[in-house]
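Student: I would like to learn how to read a predicted model feature by feature, beginning with a sheet. Could you give the general idea each time and then the case at hand?

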Amino acid sequence: MVITELKPIEKIWQNIADFRKVLVLGCRGCSGICSTGGDREVKLLVSALNLIAENEGKNFIALGQTLIRQCDPVALKVLPEFLKEVEAVVSLACGVGVNLIADLYPDLKVYPGTDTLFIGAHVGFGVWEEKCRACGDCFIDKTAGLCPIARCPKGLLNGPCGGSQTERCEVNPEIPCVWYEIIIRLEKRGELASLDEIIGPKDWRLTFGEGPRKRQREDLTF
Amino acid sequence: MKGKTLMFVCRELGSEDGIKDREDIVLKTLDCAGDLTVFEVLKALEEGFQQVFVVGCKKGTCKSRIGNLRAEKRMATVRRYLGKWAEGYRLEMVYLNKEKGQTLLDQILKA
Amino acid sequence: MKFRSNLERVLKSGYMAITCELAPPKHASLEPLKKKARVLKGYVDAANITDCQVAMVRLSSLAGCLAIMLEGIEPILQMTCRDRNRIAMQSDLLGAWALGIRNVFCTTGDHPTFGDHPQAKPVFDLDSVQLVAMVNQLKQGRFLNGQEIKGENPRFFIGATENPFADPSEYRVRRLAKKIKAGAEFIQTQLVYDVTKFKQFMYIAHNEGLTEKAYILAGIVPPKSFRMIDYIKSHLPGSCVPEDLVKRMREAKDPLEEGIKIAVELIEQIKEIPGVKGFHLMAIGWEEYLPEILKKTGFYPRPFSQDLLPEDTKTFSLREQEKKHLEEEIKNLKEHLLRLESLITGKKEIKEEDSEKVSITIETPKEKTTAVVEDLTKTSPSSLAPAKEESLTGEKSRLKVLYRSLSERAKGLPEDLYREPASGRIREVVFGKGDKALKVGGAEALPFHSFEGSLGQPLRIAMEVLDVVPEDFPEVLAKYFKDVWDDPGSWAKKCVEEYGAEAIAVYLLGIDPNYLNLGADHAKRVIEKVKKAVDVPLIIWGCDNAEKDTEVLREVAEVIKDDNILFGPIVEDNYRTLGAVALGYQLPVIAQSPIDVNIAKQLNILLENLGVPLEKIIMDPSVGALGYGLEYTYSVMERIRLAALYSNDVKLQNPFICNVGREVWKTKETSLPSDEFMGEAEMRGVMMEVITAVSLALAGGELFILRHPKSLELTKRVLNLLWTSSEQKP
């Protein structure tokens, strides 16, 4: 899923301080699942914003709503129903939600309430880790299913670098050296020789593209 | 002490007459300090309380093991949601050692 | 062969290479780099200029390379993948080649978070393996995208790194293989402190054949203080510092001195590891100590350092007056050489027009007017000895007149400019018995450098006797021995009594399994005969087949045990058995190494460990004849001797034996007939033998085995002249 984190409250407030009515819009997709923008967090942010407004002596009211997701126009269809007298929206979805709302409702002022961090997995209570960088050209079939682009700070394709010791990463000793793990696993499988082949330079167009990347599945388009 | 005070107190610690008598202090008893929710605290502040104390058992004596510690983290979350505006309130976690004869009031007045 | 760079030349010529690392400053001036370069000039073969090491902003590697190039040090451009994408890297590579940079060192680079701009975007468009492959592709004339380079393409000497100590250690050699496969030609390893672990790494790499495919230089960081080594141990990812080393630095009274000692020890140990082709010294800010370390380990001077200097700075810069003095001396030297030539050959001297300027008058040799070869054949054997004596003393006295003392010739120059006394001494080895026993070695200075110390025992010349009738002697050689060569005893007698051999080398050619494959009994018989015939010391030389030599020499030892006869050659493959034989009978031995400093030393150590005292070992460095690798032998002997004398390497302080005759007389040139183009056949062969012998004497040889009687005579004469003239102290 896409991992997000609540922005510092001061930054959120800065954008909406001068409005009178603001909708905090949650998302039950990734953002809800990683406890950044689900129903519970919407309630908290609404309450906090109202308190801040009171402290600042502003004529302000925050409302809350949560959609099943914000990255789909179908799910966003109901949004206008919640917008009565609302002057701005703070989205607690990932950056995709904010963008799509802005695309679909050009006249609506929509602000991000979260920072979108990475594509990752829930690896322990309250802990999420990056596992994929969406490079557009997956080659982890060669690396025992572990992605060095996402999980090696230098993104080495022919690792490990000369710094790994005691199986930890030299850049960040908190994390294991992913190349160490790749090698151990391939060795166990008896496939270490597959690494003797030099993995060639990556085609970064698939990652950075020419502008936003697009996927089209012909049998679903009209 | 200024303004209204709300106290969330763990049932284990019992209630104290000295507090019951005071008009500026509202006492809410929880089965365990760990039952406290972030939302409850924010709501209380919205209702006009200036000070919120959460009173849990001394570290290591919580009957649900880490309920008291959890309560402290929840208070930290409250502060995070309020950012710099949290400074305008007194939001505190108090660990009370009944055996030493500490009383709630002592703790609060001392603070 | 044309070399792209000096580093390549050094490595491919068989030398161990020395490189170092220089960090550009954190400001916009080249001065600090130039200063460091001046300190290291002549001490290293090339220097890496780092590319913003540890991700700190520094002056660019390319600019730094240019700066040290102008100072006479060959640069190695370091290129990391951290800051440039493939476009920028290829662009810089084109530029570097155009500017004359010929070595490039490819590495991934430290992550920006280690450096002073941790906020920077890490590029890592390529990784180090891909970078190596890209530089290699440019060499083939293609850009990374496959397009042809139309015009000059950069053909860098490509380097890469590997850390033998990082995890997973078992995979390190495989990754090294990957880099070599990608095109790396030389490898500079990360810093090595743990020799045992490094040895394991090298062992695997060697077995995998990687040391044949790329030159591996071991990374050395001389520890400067306890703090530094402690920091490396705890902070540097992938370093491996043994505890006792940390302890030594912690307890050192003078950490600087201890650090140098440690570096020297590391180098001494590591250079013995098979496959190590040199050292990469990373002195991190105290480059000024590198010369000392390099001198102590015998890596100074560097083989081709003179060629690196820019044209205009190649001449020795002195004040005007000193220059004039030098010019004068060079002119004198030329005249001396002419005179020497006339003395040796008996040819009439060609006087130069301005020779009257020289204050010394020259006596023209009275007798010899024809070439020495003819002259000597006319001399009857019986009259040879006294005549020789007379002519030698005559020459000596003439030389005395000619000789101008060093202090005179060098006046105006400070003494420490030309005088560099050695710290070591060559051992004296005795072979033979009684008053005929010969002593060789004992030098405390380089050959004929008597102004720097004692030259030790005189040089000795032996003649060779074969155990069977030789089949391949050219006629010009065979004619002297035909009458005696079916009896080794008479042959030896003739060599000693007629030709003045000081020792006899018995060459057991007949035992060669690829030739007659005769047994030990044959060898014993031959030796007995020779022993009976002459009373000079003997040298027994096997057939150079390690296995057969072991078999035969083991038995031969019983025959020679009481006469302290020198025998060999002992090589790595048979040192155990033959070493034990030598130990058992207390015999002196010849330790033979294949023109290799490291193996020579290794063999001495192995023999010593076995119990053979170093005082019983004469080294045979393996000899190449003139035109057949003489210069190779020369430089290896020179290196051994320099290490022995100037680095006080006790394991190399042994005299040399040079088996010259055999090598010379098997060359094609010695068996070609006389003709106009090649000249007179006998003179040709003799001169080849003499030049080889004299050259090796200049490299440090002490005991020579020759074949031709005239070679012996002429060599003796030249060596005597050099010896006598150099013995007159300034």
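**Reading sheets, helices and interfaces**

Tutor: In chain B, Met7(B) has Phe53(B) of strand β3(B) standing opposite. This is a predicted model, in which local features need pLDDT of at least 70 and side-chain atom pairs count only at pLDDT 80 or more, while totals for chains, interfaces and linings use all residues. Residues are numbered from 1 along each chain as its sequence is written, and chains are lettered from A and ligands numbered from 1 in the order in which they are written.

Student: In which sense do strand β1 and strand β3 of chain B pair, and over how many bridges?

Tutor: Strands of a sheet pair through backbone hydrogen bonds, and the sense is either parallel or antiparallel. Here β1 (residues 5-10) and β3 (residues 51-57) of chain B are parallel, with five bridges between them; two strands count as paired if DSSP finds at least two bridges. Helices (H or I, at least four residues) and strands (E, at least two) are DSSP runs numbered from the N terminus.

Student: What is the strand order of the open sheet in chain B, and which strands are its edge strands?

Tutor: The four strands follow the order β2-β1-β3-β4 (chain B), with parallel pairing. The edges are β2 (25-30) and β4 (90-96) of chain B, each of which pairs on one side only, and from one strand to the next the twist averages 20°. Helix α3 (residues 67-82) of chain B lies across β3 and β4 of that chain, and runs at about 170° to β4(B); such angles run from 0 to 180 degrees between N-to-C directions, the axes being lines fitted to C-alpha atoms, for helices over the stretch in contact.

Student: Which helices of chain C pack at an angle of about 35°, and which pair crosses at roughly 50°?

Tutor: Helix α20 (residues 520-533) and helix α21 (residues 546-560) of chain C pack at about 35°, with axes 9 Å apart. From α20(C), residues including Ala523(C) and Ile527(C) meet residues of α21(C), among them Val552(C) and Val556(C); two residues are in contact if their C-beta atoms, placed from the backbone, lie within 7 Å. By class this contact has seven nonpolar, no polar and four charged residues, where Ala, Val, Leu, Ile, Met, Phe, Trp, Tyr, Cys and Pro count as nonpolar, Asp, Glu, Lys and Arg as charged, and the others, Gly among them, as polar. The roughly 50° crossing belongs to α6 (residues 172-182) and α7 (residues 195-207) of chain C, whose axes come within 9 Å. There Arg172(C), Val173(C) and Leu176(C) of α6(C) meet Phe201(C), Ile204(C) and Ala205(C) of α7(C), giving five nonpolar, no polar and one charged residues.

Student: How many residues does chain A contribute where it touches chain B, and how many where it touches chain C?

Tutor: Twelve residues of chain A contact twelve of chain B, and α3(A) gives the most to chain A's side, with nine residues. By class, that side divides into seven nonpolar, three polar and two charged residues. The contact with chain C takes 24 residues from chain A and 27 residues from chain C, and chain A's side there holds twelve nonpolar, eight polar and four charged residues.

Student: What percentage of the residues is buried in chain A and in chain C?

Tutor: Chain A, with eight helices and seven strands, has 40% of its 222 residues buried. Chain C has 28 helices and 18 strands, and 46% of its 730 residues are buried. Among contacts in chain C between residues at least 6 apart in sequence, 75% join residues at least 24 apart.

Notes: A residue is buried if 20 or more other C-beta atoms lie within 10 Å of its own, exposed if 12 or fewer, and partly exposed in between; C-beta atoms are placed from the backbone.
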